[in-house]
Structure formats: C-alpha cells, structure tokens
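Here is a short report for someone meeting this structure for the first time.

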Amino acid sequence: MAAPESGDGNNGAARMVTLISSDNTRFEVEAAAASLSQTLQLTILDGGGGGGDGIPLPNVDSATLSKVLEYCIKHAPAAANGGAPNATAVDRAELERFDNEFVNIDQSVLYSLIMAAHNLEIEGLQSLVAKKVADMIKGKSPMEIRRTLGFPDPTPEEQAEMNAHMLEYGWAYE
Amino acid sequence: MERPGPAGRHLDRISALPDELLHVILSFLGDAPAVTRTAALSRRWRHVWTGATNLTFKDSNMNPPMNKSQFFAGFVDWVLARRASTETDMESLMIHLTQDTEKGRIEKACPSPEQLNEWLRYAARHVTKSVHIHLNPSRQVVVELPSHGRAASTFLHLPYYRFRFPAAAESRYQALTDLMLSSLSFDEDAGGSTLRDFVACSCPRLRRLLVCNPQGLRQLVLRSKVLEEFTISVAMDLQFLDVAAPNLRVIDLYSCFGRLQVQPGSNDDKLVRIAAPKLEKIVSMNYFRNKPTDLDIHDLKSVRRLAELKLEMHGKYHWDKDVSFWLLENCPSVEHVDAYLLHGACTEVAMDEQLVDLTSQGRAPFAKVRTMVVRASYFPKDHFVASMSSLLVRCPHLTSLSIWIWPSSVREKTWSCFCDVLTDKWQIHGNVALESLEDVNITGFGGTEEEMQFVRLLFESSSSIKHMTLVHAPAAKKKEGEEPDRKDIERVYHELVNAADLGSWRLAEKTFIWTCDATS
C-alpha cells in the first residue's frame, strides 16, 4: 500500500509526511519528528504518509495534534542521537525548560495530550504529562485533589459512600 | 449526570482516562500512601490504585503513626494484599525503613520474619524492574531469597539478617542484571547454597554485582561469563577473593580483609585472584595490609583507568609495598588516573618495608597517562608541591589535570612522622616537563604560598597550557553561608596577574580563568 515515490526520502531535503487530524486538518511535518511516535514510525517505515496520501489520525483533533507535533519537533534532534548521550548540558537544560513550559497548560489539554501520546505511543510525551498530573496530586488530601482536578461536588449518596470508605480505610490514607 | 460545580469547569476529565493511563500517572506518584489515598476520590477511583506499577514505602515520607514500624509493616501487607487480587505486575517496589532506631527499639522497628519473607516472595513474583528493600538491623531473622525472581535489579540492605540463597539447581533469576547486597550476614556455616552458586547458576544476565559490608563472608569465589562490574567493600571477614570473569570491565575493592590474621611465613598466600582479560578499570584496591604480593591480577595490560587510588606520599617518597603505586607502575596502558593525595602519620618504618623515591633516575614514565584528577586532602604544610611535582615528573604526556584541594586540608602543624628525618623530602623536582598539558582546573584554590608556587611550576613546566581555571576557596575554613572574602579574592587575583606570562587572567565571581594568548 506504500506510495512508490515515498520510499526513498534521504537524498537532500528532509523527508516530509502529512498527518490528518480527526477534523480533517492536514499537518506537514518532518518524518524524523513524526517518528517519535512508535505507531507513526512503523507506518512511515512502510512508506506511508508521503506524497498526497497523508496518514489519518481519527482519534486526535487538530488542536491536540498541533501541540503533539510541537513536542515532537522540539525533541526530534535529541531522539535522533539515540537519547542524546552526547547532548551538552545546555541542550538538556533547554529541553527541560521547554518541557516545563509545554505542560504549563489547561488541564483539559493535558488529558487530550496524554490520550494522544498513549494512542500514538510517544513515550516521552506520555511520561511528561503523567508526571505533571502526578505533581498536581502530590501532597494533597482527597478533598484537595478533588478540587484541584475539578471533580464535581459529590452527590449526597456519593458523599455517604466516601465517608463509609474512609471509616474503613482512612487509616491507610493518612 | 455531572454537575459542573464552581471549580468543576474541567468536568473531571481525568476520570474519563482509561485505567492504563491512570496507572501511568500513579506510577509517577510512587509514594504508596499518596497512591492508595486516590481510592478516596470517588467511586471511579476506588480500585484504580491497585493497578499502580511503582510503589514506594518510605517511613521518612509518612506521618505518625504510619511511620512507626508496626503500622508501617501492616500498611505494606495491606497494600500488597489488595494488589495481589489484581494479579498485575509491578515495575518497582521500594520498602525503606530507617527511623525508630533509638536504643532498645531496634528489634521493634523491623517487620516480622514472616512479613519480610512474604514481601520478598511477592516481589519475586510480581516485580519486573526494581526491588529495593532497606530495613533496620536485626540479628535473629533468617531471610530466604525466593527460588525465582523476575526483576532486573535487586537491592537488599538487611543489616545482620541471616541470608539464605535458594538451592542453585532449582533457582532462576533470568532477568537480573544488577544485584546489590548490603550488610547481610552470609550464613556460611549453615551449608546450603552460596553467593558463588547463585551467581554462577541462577543469574545468566548479571552485569553488576555489589557486595557491601557482608558479615561472615570468609571466601568469595565468583565465576561468571557475563559479569561486567564487581564491587566489594568493607568485607572485614573476607580472607580470600577469587574472581574469574571473562567480561569483567570494572573491579572495585575497598576496605576488605580487616579481620585477617596475619600469620608469619604465610605472606606468599594470595588474598585476591582476578582473572579478567577485559578489565578496564580498577577502583580503590585499598584494603588492610595493602601488599602487592597479595594480589594476582590477570591481566593488568588491559587496564585503562585507575580510580580512587590512595597515593600515600611523603614528598617524593612512597612505600615500596603500596598497592596504589604498584598499580601505577604495573598497568602500562593506563590513560586516566583519579587519586587521593595523602600523607598519613606514620612514626615507624616496618622491618620489611622500604621507601622508594618516585623520581629516581631511569624510571620509566607513566607514558600513557593523559588525564589526572587529584584530590588533595589532609596533608602537612610544604607537602603539596613536593609531592605533586614528583608525581607529575612521571607523567610527561598529561593533557588535562584537575585538582581538588579540600578546605582546611593543609595542616599548619605537622605531626611527627618517620619522614621528619628525611632532609630532602620537600625538595621540589626541577625536571617536570608537561609539554602536552592543555587544561588545568584547581578547585579549592586559596592562593596560599604553596598553591601559587604550584601554579608557577605548571607554567614553567609547560608552554602548551591553553586554559587554567582556579576556583577560589578561602584558605581558612569558613562558616557555611558566609560570604567569600572579596578582598582575599582580589589579592589572589592581583598576585596571579602580576605573575602572568603569555596569557591573561580574568576574574568571574570567585573563579580565576587564564587563557593563552591567541597569537602563539
């Protein structure tokens, strides 16, 4: 199923691939960046995504995909170095600064991102978001976590169930 | 029906994530009480945590009374039991108990033998990456390593616990690459399987082995085709070490053989036999007795790096039986040396020991040494330049030299030492020639007369230096947090500038940086 012309892209300019979001927006991106996704890497190695075809991503909307690609483009050079054992301290510090900024976003975007990272198998991004969410939970009581994560107020029934649960297991949550 | 409460504008989207992703999030939480606490969030979250893949139980992270041992162990049991019903694997399990050790309470601070052994069995069945168990001392408890394990890395710090290996024929730790055993008591007299059997028969992938402070380990024989790094430290009961490992790259032996009975006439017995044709790095090799004739190492020709050597120098002199110098003299391929420069107080010269002059005529240089790190600590006044110049005269091809001078390491008043009577010990060697030297770093530079003298010596010995960086530290020990003395820094700076030749000094904060003039 591979487009015949897309098989060899390593002469001169970087090979580009096209990704199509669930709302039909097309994103053109370097194959090296898209390949941070294990899923896409397989498709691309198969010759997919080149020419006019594009790779449809029915589970990722354009807002999320553009954010995902921002991450991939930034991290692609380091990933190409095999986890960048030779990266300088400056490069690493710059990536860390980028990562910190990158996850400083609305929670709903975080959850869309982690779903996309999961579906596309981008381990670095999945870990980055998971760590951010874990940091939001750290050191908080259950009620504080509920507030932080924007849980709706418990229904009386739910509250009663929680109270019963706490009576039984509260000792373990101190 | 979800009601968007005042703070509910996110509509609790996190709860819509699949369990698998919530487990990933919880794995970054790690801390077991924080993980289990999520059960109280809502009905959706009640059982999510039981699939969490990283759990850390650390008493120092817990609030009273959970950090008290009896609660602590009960909590671990409860969590593991709840998890067990899910039959899911874990990546890592850490159980770290350190507190509650005030006098008389040591025994109480431990889980029961049944609890501990059940934790080990649980870890062996379920943990795939890292098992870490660190408990307080206990002398009675017998610990049995389960016959099979799945983890890649296992760390056990169980002081004085009587440790039993599984019967070798039935035991398999297929994935184990890193094993660290700290302070265990090796119950050698009980018969049964030994560390040797375990490594040789049960661990086909073991790359790194660390044995620290073993109790009752008198003999250690290691045979492994895959072992790459081996560290043994503070093995006081050890009497004999025999390692044959064709893939061994690094050996680190530190402070062993402390209780060895030295029998006159038996000095030819080897304490250490190492057969490792690919050995690249030797670390420390410092132990009680310290005699090269104790060592039988094949092959020293492949060794490229010597680390944590203890160079005991009295000016240009050292003992003929000093293992560190013996290694320097006998490892012809060494390119990197990382050493402590010391001057022990020693009043008597033993009958069978002799002093050697490191700089005596006709001795071959350490020809391949390119980089050297010296940690100068604890030495009397006037010792530094004499010792360093004697060392450097043997290293003509050095390209990079780093020196760490410990604050207050120079003693104004010397203690009495046999070397007091040697009149030429502080003689500074005049023939230092370092024509490949490019980079010099000195940290802890106080600008004392000796240190200035050393800097001058380097410039006189070498015209190839490109960069020299000296990080200032006050010569007299300062209190923590005290501001560095700007006046002192400026004094040192002016002194350096006045002596500068062929290049220029600049001062950045408390660092003096010299660069060679580009014209040359």
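## Salt bridges

In this predicted model, K74(A), E94(A) and R97(A) are linked in a network of salt bridges. A salt bridge here is a side-chain nitrogen of Lys or Arg within 4 Å of a carboxyl oxygen of Asp or Glu. Over all chains, the whole structure has 26 salt bridges.

One of them lies within chain B: D296(B) and R273(B) meet at 2.8 Å, N to O. D296(B) sits in strand β16 (residues 295-298) and R273(B) in strand β14 (residues 272-275) of chain B, so the pair ties together parts that are 23 residues apart in sequence. Helices (H or I, at least four residues) and strands (E, at least two) are DSSP runs, numbered from the N terminus.

## Across the interface

Two salt bridges cross between chain B and chain A. E161(A) pairs with R43(B), the closest N and O atoms being 2.8 Å apart. E161(A) also pairs with R46(B), at 3.0 Å. E161(A) lies in helix α8 of chain A and R46(B) in the loop between α2 and β1 of chain B, so this pair joins two chains. R46(B) is buried, at 9% relative accessibility, while R43(B) is partly exposed, at 46%. Buried means under 20% relative accessible area, exposed over 50%, partly exposed in between (1.4 Å probe, protein chains only).

The contact (heavy atoms within 4.5 Å) takes 35 residues from chain B and 41 residues from chain A. The two chains bury about 3600 Å² between them, 67% of it on carbon and sulfur atoms. That area is the accessible area (1.4 Å probe) that two parts lose on being put together, summed over both. F28(B), R37(B) and L41(B) supply 18% of the area that chain B buries against chain A, more than any other three residues.

## Core and chain B

The largest nonpolar core has 186 residues. Such a core is a set of buried Ala, Val, Leu, Ile, Met, Phe, Trp, Tyr and Cys residues joined through side-chain atoms within 4.5 Å. F57(B), F230(B) and F454(B) have the most contacts inside it. Helix α6 (residues 123-137) of chain A gives the largest share of this core, eight residues.

Chain B has nine helices and 28 strands. Of its 520 residues, 52% count as buried.

## Reading the values

Residues are numbered from 1 along each chain as its sequence is written, and chains are lettered from A and ligands numbered from 1 in the order in which they are written. Local features need pLDDT of at least 70, side-chain atom pairs count only at pLDDT 80 or more, and totals for chains, interfaces and linings use all residues, while side-chain values use heavy atoms, with hydrogens and water left out.
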